[in-house]
Amino acid sequence: MSKYYSTARINKKNATYNVIFGERSNGKTYALLEQSLRQYFKDGSQMAYVRRWKEDVTGRRASRLYGGINENGLVKKLSNGEYSGITYFAGKFYLWNYDERGKAIYGDNDIVAFSFALSDSEHDKSTSFPKIKTIVFDEFLTNK
């Protein structure tokens, strides 16, 4: 039995919706980020990452979401070296690479995921995201 969460068993259910409960810090979020990244490279589909509060999906907190995937070199491996990692800017997670001066570059054709907050849902309700195939509602239970 692996120490980290795997989506293999729950994917076999082929359900429309999956709810995953488990111990803290066992890799549930990482496993879903990895799965959606693999799907992106397979068919171009994107992911929606949803949290309760805007503060959880902006700035420094959001920019750390793909930290483990970047550190493990998974993006470079899955893209056959075309991209170096994933970075966050203005509600979007982009594949990036370095230019000849070592500066990170990314563009609107390189979006793998979008971030959303339930507290901001009124602002996004009439916007279309046709490439989103996976929605991850992370940390949906509170401590209370």
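Guide: Two aromatic rings of Phe, Tyr or Trp count as a pair if their centres lie within 6.5 Å. In this predicted model, there are eight aromatic pairs.

Visitor: What makes Phe-114 and Phe-116 a tilted pair?

Guide: Their ring centres are 6.4 Å apart, and the limit is within 6.5 Å, so they pair. The planes sit at 35°. Stacked needs under 30 degrees and edge-to-face needs over 60, so tilted is what's left for these two.

Visitor: And why is the pair of Phe-116 and Phe-129 called edge-to-face?

Guide: Here the centres are 5.1 Å apart and the planes stand at 85°. That angle is over 60, so edge-to-face it is.

Visitor: Which parts does the pair of Phe-116 and Phe-129 tie together?

Guide: Phe-116 belongs to strand S5, while Phe-129 is in the loop between helix H6 and S6, so the pair joins parts 13 residues apart in sequence.

Visitor: How do you know whether Phe-116 is buried or exposed?

Guide: Check its relative accessible area, which is 15%. Buried means under 20%, so Phe-116 is buried.

Visitor: What about Phe-129, then: why does that one count as partly exposed?

Guide: Phe-129 has 24% relative accessibility.

Visitor: What makes Tyr-66, Tyr-88 and Phe-93 a cluster?

Guide: Ring pairs link these three residues.

Terms used: Residues are numbered from 1 along each chain as its sequence is written. This is a predicted model: local features need pLDDT of at least 70, side-chain atom pairs count only at pLDDT 80 or more; totals for chains, interfaces and linings use all residues. Side-chain values use heavy atoms; hydrogens and water are left out. Rings of Phe, Tyr and Trp (its six-membered ring) pair if their centres lie within 6.5 Å; planes under 30 degrees apart count as stacked, over 60 as edge-to-face and the rest as tilted. Helices (H or I, at least four residues) and strands (E, at least two) are DSSP runs, numbered from the N terminus. Buried means under 20% relative accessible area, exposed over 50%, partly exposed in between (1.4 Å probe, protein chains only).
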